[in-house]
Amino acid sequence: MRGKKKAPKRKIKPDIKYSNVQVAKFINYLMERGKKTTAQMVIYDAFDIISEKIKKDPLEVFEAAMKNISPQLEVRSKRVGGANYQIPYPVKGDRKFALASRWILGAAKDKKGKRMAEKLAEELMSAAKNEGTAIKKKEDVQRMAEANRAFAHFAR
């Protein structure tokens with residue numbers, strides 16, 4: 001474990017095409033085995049598909065989707081007196097984006113039969129409309145937190 005110092009936050013450069021830090025971060029989440037150009041191609045293709053299909057700015061759709069998927073509460077396990085409790089905690093800024101990205105990419109990867117750009121475009125469009133697999137995941141997490149609200153006094 002790390003000693004006294006906390007790991008320094010790294011500044012991420014905005015992406016090439018849209019000059020947006022969130023898109024750059026999303027590209028990094030999608031990237032596998034250091035293949036950043038492949039991840040960029042997938043995301044930019046997905047954005048092109050979105051602009052063709054619904055004639056909207058893909059950045060707006062992306063930001064709406066991320067806003068809709070970001071959870072307010074999550075549960076974490078805590079051991080109290082020999083029993084494990086699921087305790088609801090509010091989700092902070094960076095973690096909201098990380099969870100939303102993870103859920104969107106997971107939902108897109110689980111679909112079969114199309115290329116990743118198409119699956120990602122579909123998932124982003126449905127998330128912007130408050131539907132789809134990633135939204136269902138968010139609602140499940142929120143429901144768990146609501147169900148375990150009785151244990152909120154253990155949070156510290």
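On a 1 Å grid over the protein atoms alone, a pocket is an open set of points with protein on both sides within 12 Å along at least five of seven lines, and its lining residues have an atom within 4 Å of a point. Keep that in mind as we walk through this predicted model, where local features need pLDDT of at least 70, side-chain atom pairs count only at pLDDT 80 or more, and totals for chains, interfaces and linings use all residues. Residues are numbered from 1 along each chain as its sequence is written, and side-chain values use heavy atoms, with hydrogens and water left out.

Let's start with the open spaces. Rolling a probe the size of a water molecule over the atoms shows where empty space is left. The largest pocket holds about 340 Å³, a volume being the space filled by probe spheres set on the grid points, which are joined across faces, edges and corners. Its lining is made up of Lys6, Ala7, Pro8, Lys9, Arg10, Lys11, Ile12, Val21, Lys25 and Asp94. Sort those by class and you get 4 nonpolar, no polar and 6 charged residues. Here Ala, Val, Leu, Ile, Met, Phe, Trp, Tyr, Cys and Pro count as nonpolar, Asp, Glu, Lys and Arg as charged, and the others, Gly among them, as polar.

The second largest pocket comes in at about 160 Å³. Leu30, Met31, Glu32, Arg33, Lys35, Thr38, Ala39, Val42, Lys109 and Met116 line this one, giving 5 nonpolar, 1 polar and 4 charged residues. Helix α2 (residues 36-54) supplies the largest share of that lining, with 3 residues. Helices (H or I, at least four residues) and strands (E, at least two) are DSSP runs, numbered from the N terminus.

Arginine 33 sits in the loop between α1 and α2, and its phi is positive, about 55°, although it is not a glycine. With 81% relative accessibility, arginine 33 counts as exposed; the cut-offs are under 20% relative accessible area for buried, over 50% for exposed, and partly exposed in between (1.4 Å probe, protein chains only). Asparagine 130 also isn't a glycine, yet has a positive phi of about 65°. You'll find asparagine 130 in the loop between α5 and α6, partly exposed at 48%.

Now for the inside. A nonpolar core is a set of buried Ala, Val, Leu, Ile, Met, Phe, Trp, Tyr and Cys residues joined through side-chain atoms within 4.5 Å. The largest one has 36 residues, and Phe26, Ile43, Phe62, Ile69, Ile104, Leu120 and Leu124 touch the most other members. Two or more residues come from each of α1 (21-30), α2, α3 (58-69), α4 (93-110), α5 (116-128) and α6 (133-147), with α2 giving the most, 8 residues.

Take leucine 120, in helix α5. Leucine 120 is buried, at 1% relative accessible area. Setting aside residues up to four places away in sequence, leucine 120 touches Phe26, Val42, Ile43, Ala46, Ile104, Leu105 and Ala108, where contact means heavy atoms within 4.5 Å.

β1 (residues 73-80) and β2 (residues 83-90) pair in the antiparallel sense over 8 bridges; strands pair if DSSP finds at least two bridges between them. Arginine 79 stands opposite asparagine 84 in β2. The two strands form a hairpin with 2 residues between them, and in the turn glycine 81 has a positive phi of about 55°.

Notes
1 Å grid on protein atoms, 1.4 Å probe; cavity = no way out; pocket = protein on both sides within 12 Å on 5 of 7 lines; lining within 4 Å.
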